[in-house]
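Here are my notes on the model, point by point. Have the structure open while you read.

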There are 2 protein chains.
Amino acid sequence: MASRRRIVIVGGVAAGTKAAARARRCDPGAEITLVEKGELISYAGCALPYYVAGAIAGESELVVTQAGEFAALRDIDVRTRTEALRIDRPAKTVTVRRLADGREDVLPYDSLVLATGGTPLVPPLPGRDLAGIHRLKEPADARRIRAEIDAGRVERAVIVGGGLIGMEMAEALTMRGVRTTVVEMLDRVLAAFLDPEIAALLHAHLRARGVELRLGERALRFEGDGDGHVRRVVTSGGELPADLVLLAIGVRPSVGLARDAGLAIGPTGAIAVDDHLRTSDPAIYAGGDCVENVHRVTGRPVYSPLGSTANKHGRVIGSNVAGGDERFPGVLGTMVAKVFDYTVGATGINAARAVEAGLAALTALVPAADRAHNYPAHQEIVVKMVAERHSSRLLGLQGVGPGEVAKRIDVAATALSFGATVDQVADVDLAYAPPFAPAVDPVHHAANVIRNKRDGLARTVGPLELQHMLDAGGAFLLLDVRSRAEFVARRIAAGARLLHIPQDELRTRLGELPRGVPLVVCCQRGVRAYRAARLLSGMGLGDVAYLEGSLLTWPGDIETGSS
Amino acid sequence: MASRRRIVIVGGVAAGTKAAARARRCDPGAEITLVEKGELISYAGCALPYYVAGAIAGESELVVTQAGEFAALRDIDVRTRTEALRIDRPAKTVTVRRLADGREDVLPYDSLVLATGGTPLVPPLPGRDLAGIHRLKEPADARRIRAEIDAGRVERAVIVGGGLIGMEMAEALTMRGVRTTVVEMLDRVLAAFLDPEIAALLHAHLRARGVELRLGERALRFEGDGDGHVRRVVTSGGELPADLVLLAIGVRPSVGLARDAGLAIGPTGAIAVDDHLRTSDPAIYAGGDCVENVHRVTGRPVYSPLGSTANKHGRVIGSNVAGGDERFPGVLGTMVAKVFDYTVGATGINAARAVEAGLAALTALVPAADRAHNYPAHQEIVVKMVAERHSSRLLGLQGVGPGEVAKRIDVAATALSFGATVDQVADVDLAYAPPFAPAVDPVHHAANVIRNKRDGLARTVGPLELQHMLDAGGAFLLLDVRSRAEFVARRIAAGARLLHIPQDELRTRLGELPRGVPLVVCCQRGVRAYRAARLLSGMGLGDVAYLEGSLLTWPGDIETGSS
């Protein structure tokens, strides 16, 4: 009988524990050691904002499995509060130190797994060590934040960074009665995922729920009181009072151990791995938040730390270290978050990223009901689809709104995994019944809009483009084709450029439209405007486009009442 | 300039109106005539149960567009209450008759579109013409049913047929306070979509909500009172009192016009069309509930009438009759329904259909939380995945439960559209955050179970198989590895065959397990049982399987309390 396979795993949160459990199931005889620097293994990092908010009551619910139970049920040597110090690759050993007593052990391995995770970035700003300035990575971080709020010491909070954790914590803190400001140096939140039109809708919701957004502002320094507790954040735009600060500007991969061992680090700064999740040393695997992934849309390396990816990594690594041959095809950068009453999500790449990647894109911006329009519980969502112009290949989908967004993101993520074109997306036989979807799903609708644009049936102007056109002051007219009642109630503030002819009067009042002046047709959500634009083109008006998303995605000024 | 294209469309519900609107947008100059026998066009047939239930208040909400408005906005000649009598294919004309005055018109066409829909099947049973016996196709049907309930004349209802409409109407009638019985001649409801394990869970929910199910029973005749109103349904199992009967045994395609014109009818009895939705006459297209589709999983013709499919057909036909070149790739038979507090859905084929299609299948039966287990709003669902054994190709997914099922069905439908394998499904970067999904989505989980079975890591017994084993009385033991408290509270009634060893005592109590006796390990949902089965196999016990779905999908007897 061959000697027992020795597997050592460094890091025991998501990828590490999953790899250990999977390796055990694949190889009942292996000798498996799991080393974790912290006290806990297998905790749910993604759940921390809900613990702060109080939606998850007890800290115990954050831990998926206790270390002792995990070890006993799987016959794994779990060593918590134990740090991996160095790897000796020629000798195939890793030296570890017990934090309790400093004792060092040398663990021989046949396969080593690095699941060392990531660390929240701390901006090198004056005052960053003041009390009351937090990060959010571990249950202990969440416990500290929650304790400060529970003690009534937090009236105002400033979150530095408008990424995923920033958004989830903006909700969590606000729900706890804390007046919360988000400082984001880019012009929008979740900029890695969202194009401006979708972000604008989320901004409006955040503000409506009392969150102050300071966009395009940079935190410069933190100022404290006599007790060394933070009291102010000074930004490029002014001073913000703060009893609590959360630093949420991102995560960097923890690659010290790998780098010291001479393993290849990729262009993103994370550990480089092949499609078997092997590092540059074939005896060493790595997964979870310490590695970079291939983006399945761009084919480029991307750093995209996520618990769901870590779990997939763990399974692949666990199989491979036990003699299997599993591959990991990469990620789509899929994201979803609950932000108050809205869901926001994205998969693939947005239009901004497509430009960066050198891909000519077609987009569709579509407000839609998430269920049948006559089903009472339906809610609005807005999706933006991005596709490659020459190939019609789907590149990404973003969505936001009070309705069911996550499902549409998952459909797009699945389609992206297979290189689907928008034509193929439009044909998918999605589940239809009034309580779940309209007969033409928002994903189908968006795909059809892109097809119409590609096929020359639809010419559109986007909301940002219209804002630029209004600012630039060129010659064009904005034609609103809604009913008189709708028009009087709310309309785009376009001054003398705004014209109103209800759609059912268009044929008879065609003469009122000046020839030779470009027309942008708008309505409530873009459907009537598209039809009207087709009608006007058919009647010989040359330069007719419609406003995508129309009133429902218009981020600019609105007029109400009779003019 | 060429003469205007003449397009005649017969049928104005979903496919017909969509084809007309699309044709208009693609060809502003075409002469388009839409002929509809009924009074309404463009009504939402799928919404009728919600109108009966009262969730949709007004009948006006059932109509998407009024005929006049539809006609005016699109410059389409809409003729309601007009019946198409016959097609003269050599002359390319269709003769129509106005129901109001019997006047006949001969409409010449360049392209003819048949969107004649389907008709609810009426079983040829004695008494079928009694008052109070209904079908549900048009708003008028729903209005009549609602009026009888509103008038307080309906205490008990019998629904003949446990298909989709039967399920939705069982909910609708019960919500209106009507004691409802469903008579289904097969052994389960939604048998075209669901395998027995999933149907069993739906049966339990229907019964818990007060619906009486008479499965494996046939309606034989209807008996009335002196006024000719139905009062009883006599079935193969007895007599059921009924003040209202709904016949919901299925729909047959309305193909009279096509058949009379000599167009090819397919093996399902619906109009045969090619992938451009052209009939056997290239000048005649057909779509919606009157045609058959290719099933994308089996490649075989299937009759699958659905509003979402009709909409897709309409777009393809509208493009093609206007000179385009669009294809329709077929359907997956995707279905979703709300049945009280449960969602039930399916896509692709179930295991029973796979057998019929001659496909050797692997399946996974997986109870799972629909969101992170520590997120308070999570709910249970059970999914069953089916894959082809030799190729690992996904064949279908079914799901049921109070949680989010529709999203998982849509993910599977998308994957099926691209011929995905279960390995590819397991790798899709689905949207993860605690309020939306667990880190390992139920779809991933199910795909992984199938991979484990294929790769020899998991041997399972299904709940029905276990029932057969218990009935057959062969030699085996059922080993429950849950905690003592769980075991005492609820356990499978397996008599002397049932053994209990908590998972954390397995290693030390291994000696209690008799060698040479096959073991089936069970727990609450199958996860612990899988791990324990692996452990026992690793320790040299040869014949060990685990019970898929375990307690959560067990349809048989349960014991409670100390034994």
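1. Ala115(B) touches Ile9(B), Val10(B), Gly11(B), Ala15(B), Gly16(B), Ala19(B), Gly287(B), Gly288(B) and Cys290(B), leaving aside residues up to four places away in sequence. A contact here means C-beta atoms, placed from the backbone, within 7 Å. This is a predicted model: local features need pLDDT of at least 70 and side-chain atom pairs count only at pLDDT 80 or more, while totals for chains, interfaces and linings use all residues. Residues are numbered from 1 along each chain as its sequence is written, with chains lettered from A and ligands numbered from 1 in the order in which they are written.

2. Ala115(B) sits in the loop between strand E7 (111-114) and strand E8 (118-120) of chain B; strands (E, at least two residues) and helices (H or I, at least four) are DSSP runs numbered from the N terminus.

3. Now the chain contact: 64 residues come from chain B and 65 residues from chain A. On the chain B side, H10(B) gives the most, with 9 residues.

4. As for confidence, the predictor gives the complex an ipTM of 0.96 and a pTM of 0.97. Chain A averages a pLDDT (the predictor's per-residue confidence, from 0 to 100) of 95, and 99% of the residues score at least 70.

Note on methods. Two residues are in contact if their C-beta atoms, placed from the backbone, lie within 7 Å.
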